[in-house]
Each structure stands twice: as C-alpha cells, then as structure tokens.
Amino acid sequence: MDRQVILELRDDVAVLTLHRPAQRNAISEALLAELDETLDRVPAQARALVLTGAGPHFCAGLDLKEHHGKARTAVEFMNVCQRWHRTFDKLQFGGLPVVAALHGAVVGGGLELAAAAHIRIADPSTYFALPEGTKGIFTGGGATVRVARIITAGRMVEMMLTGRVLDAQAGLSLGLAHEISAPGEALSHALQTASRVARNAPLSNYAMVTSIARIGDMSMTDGMFTESLMAAVVQTGAEVQTRLGAFVNKTLPKVAPREVPTGE
Ligand code: 1HE
C-alpha cells in the first residue's frame with residue numbers, strides 16, 4: 001500500500017506531507033501510526049520541519065468512516081485519543097520548529113494537528129472549524145488544550161456549539177494562522193519561513209519549542225525558575241560566542257522590520 005505520510009529533506013528542512021488526498025487526509029489509525037513512525041525518521045541534519053497535506057484540503061480530521069465501521073468501545077477510543085496525543089506531542093515537543101502550510105479544510109482533528117505546529121501559514125482558501133457537535137462526537141486530539149489556549153476556551157466552546165466556520169482572515173485574527181500566504185503559495189511560504197527559522201541557533205530553537213508552552217503550564221515561581229535554567233543552558237551553548245562575536249564585530253544583521261509576503 002502507498003505511503004500516507006511522505007518525508008523528504010529539502011536542504012535542512014524536512015517536509016512531511018499527509019498523503020491521503022482521496023479521503024481528504026482523514027486521520028485513520030494507519031495514517032496516525034505512519035505519522036508517528038515518520039517523525040522518528042526525520043534525519044538528524046533537519047533544522048526545521050514543514051507539515052503539509054496533499055490534495056484540496058490540509059486535513060479533514062478523524063477518519064469518520066473508520067470510526068463508524070469499527071464501533072469502538074469507550075476504552076478503545078480513549079486509547080485512540082492517547083495515541084493522537086502522543087504523536088502530536090512528538091510534533092510539538094520533538095525539538096524541531098514545525099511550520100504548518102494550511103489550505104482548504106483544517107477541521108476537527110485537522111485543526112488539532114495544525115495546533116501542534118509552532119507556526120501556521122494559511123493559504124487564502126483555508127478554513128477552520130470544529131464540526132464535532134453535528135456528528136455527535138467530541139474533540140479528542142488535544143483541541144481542548146491546544147486550540148483553547150490559542151483562541152481561549154470561551155471561543156472554542158462557541159466555535160464548537162455553533163459549528164462556525166472561520167475563514168483564513170478570521171483564523172489569522174484569532175491566532176489559528178500566523179500569516180496568510182499569496183494564493184497557492186502556503187507551502188513555498190512555509191518553506192521560506194522554515195529555512196529562515198533553521199538559521200537560528202539549534203539550541204535556541206530547541207528551547208523555544210520545548211520550554212515555552214510547558215512553562216505556560218507552571219506556576220509563576222516554577223516558570224521563572226525553569227526559564228532561568230533553560231536560559232542558562234542556551235546562553236552558555238556552543239554557538240553563543242561566535243554569534244555574539246558577530247554582533248560585537250557588527251557583522252550580524254540588525255533587528256529591523258522585514259518584508260513578509262502576506263498575499264493581501
Ligand atoms: C472522509 C472525511 C473524514 C472526507 N473521514 N472520510 N471532520 C469533519 O467533520 C469533516 C467531514 N468532511 C467534510 O466535511 C468534507 O468531506 C470536506 C470539507 C473535508 C471535504 O469536502 P470535499 O467536497 O472536498 O470532499 P468530499 O466529497 O466530501 O469527500 C471526499 C472523500 O473523502 C469522501 O470519500 P469517498 O470514498 O466517498 O470519495 C469522503 O467520505 C472522504 N472524507 N472527510 C473519513 N473526516 C480524535 S477526535 C477528532 C475529532 C474529529 O476530527 S471529528 C471530524 C471532523
């Protein structure tokens with residue numbers, strides 16, 4: 001059977017493509033297992049990861065036909081959810097910055113997956129929804145944690161109750177997208193962003209993607225302590241002398257506003 005998750009390396013950026021376009025990249029048990037296993041195979045030279053979906057939509061969420069056919073028990077579905085959580089955690093906390101290139105439907109579990117990425121670039125065709133209510137189901141891939149933290153719990157409840165569909169612009173204003181690309185350019189925009197991110201010191205990127213969300217879970221005292229520990233590790237890292245030397249010698253570019261293509 002053809003692979004449903006494709007991994008390629010473009011220079012130092014690993015590109016992971018959900019490849020089940022005929023079923024709108026719906027997340028079946030097999031696709032999730034492939035995603036999990038593929039994340040373990042990301043080559044060591046990768047400095048960032050781009051996540052995209054083949055076909056007209058990024059991802060239609062849980063494979064509803066599989067769920068209908070399997071008639072799982074409560075415990076079986078709890079196990080399914082926990083596998084989703086583990087795999088999406090691997091994406092969020094694996095140590096590499098993840099840039100999602102979104103287009104078309106980013107719905108249900110598709111939004112849960114996108115929310116595990118650190119940067120989300122949306123094609124203007126992108127739309128976001130949590131349509132579980134009409135199907136008699138509930139989010140189970142981490143949305144109550146990740147999506148609620150992005151848009152607030154109140155907005156997530158409203159989004160689920162009403163089944164509201166947010167377009168790319170509405171997603172941008174809520175933080176579900178960080179940028180809107182020119183039409184058809186989400187992947188190239190994401191690759192460009194990932195290449196730029198890949199030029200940061202790997203240890204700085206590691207600290208950003210592994211510690212900030214976790215510190216958000218901590219008390220203020222614990223958070224401050226953990227931040228100082230993280231900074232102690234990063235600020236004494238191998239690249240600091242060279243990079244700060246470049247600043248001191250005035251060869252490092254200054255911080256300045258940068259032109260970013262928005263497609264608007
Ligand atoms: C699917 C799925 C799916 C499409 N599971 N097979 N997710 C949803 O509620 C999304 C449900 N899907 C849709 O609303 C639409 O299919 C789409 C907007 C995503 C795409 O529309 P369109 O017109 O491009 O395609 P289509 O004709 O509707 O679907 C093409 C095929 O994909 C069709 O299969 P076919 O064999 O009849 O050709 C669809 O059945 C199939 N397909 N979406 C299975 N989701 C851990 S809990 C997570 C909670 C959730 O994620 S709830 C799911 C929310």
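# Cavities, sheets and rings

Q: Which residues line the largest cavity?
A: They are Ile27, Ser28, Glu29, Leu32, Leu62, Glu66, Arg72, Val80, Arg83 and Trp84. Each counts as lining because it has an atom within 4 Å of a cavity point. This is a predicted model, where local features need pLDDT of at least 70, side-chain atom pairs count only at pLDDT 80 or more, and totals for chains, interfaces and linings use all residues. Residues are numbered from 1 along each chain as its sequence is written, and side-chain values use heavy atoms, with hydrogens and water left out.

Q: What makes a space a cavity or a pocket here?
A: On a 1 Å grid over the protein atoms alone, a cavity is a set of points where a 1.4 Å probe fits but cannot get out, while a pocket is an open set with protein on both sides within 12 Å along at least five of seven lines. Grid points are joined across faces, edges and corners, and the volume is the space filled by probe spheres set on them. That gives one cavity of 30 Å³ or more, and the largest cavity holds about 50 Å³.

Q: Which helix gives the most to the lining of the largest cavity?
A: Helix 3, with three residues. Helix 1 (29-40) and helix 3 (74-93) each supply at least two; helices (H or I, at least four residues) and strands (E, at least two) are DSSP runs numbered from the N terminus.

Q: How do the residues of that cavity lining divide into nonpolar, polar and charged?
A: Five are nonpolar, one is polar and four are charged. Ala, Val, Leu, Ile, Met, Phe, Trp, Tyr, Cys and Pro count as nonpolar, Asp, Glu, Lys and Arg as charged, and the others, Gly among them, as polar.

Q: Why is the pair of Trp84 and Phe88 called what it is?
A: Rings of Phe, Tyr and Trp (its six-membered ring) pair if their centres lie within 6.5 Å; planes under 30 degrees apart are stacked, over 60 edge-to-face and the rest tilted. Trp84 and Phe88 have ring centres 5.6 Å apart and planes at 50 degrees, so this pair is tilted. The two sit four residues apart in helix 3, about one helical turn.

Q: Are Trp84 and Phe88 buried or exposed?
A: Buried means under 20% relative accessible area, exposed over 50%, partly exposed in between (1.4 Å probe, protein chains only). Trp84 comes in at 5% and Phe88 at 0%, so Trp84 is buried and Phe88 is buried too.

Q: How do you know where Arg214 lies relative to Phe93?
A: A charge sits over a ring if NZ of Lys or CZ of Arg is within 6 Å of the ring centre and within 35 degrees of the ring normal. Arg214 lies over the face of Phe93, at 4.1 Å from the ring centre.

Q: What makes strand 5 and strand 8 edge strands?
A: Two strands pair if DSSP finds at least two bridges between them. Three strands form an open, mixed sheet in the order 5-7-8, where strand 5 (105-107) and strand 8 (166-167) each pair on one side only. Strand 7 (residues 127-129) meets strand 8 in the antiparallel sense over two bridges, with Phe128 opposite Leu166.

Q: In which sense do strand 6 and strand 9 pair?
A: Parallel, over two bridges. Ile121 stands opposite Glu179 in strand 9.
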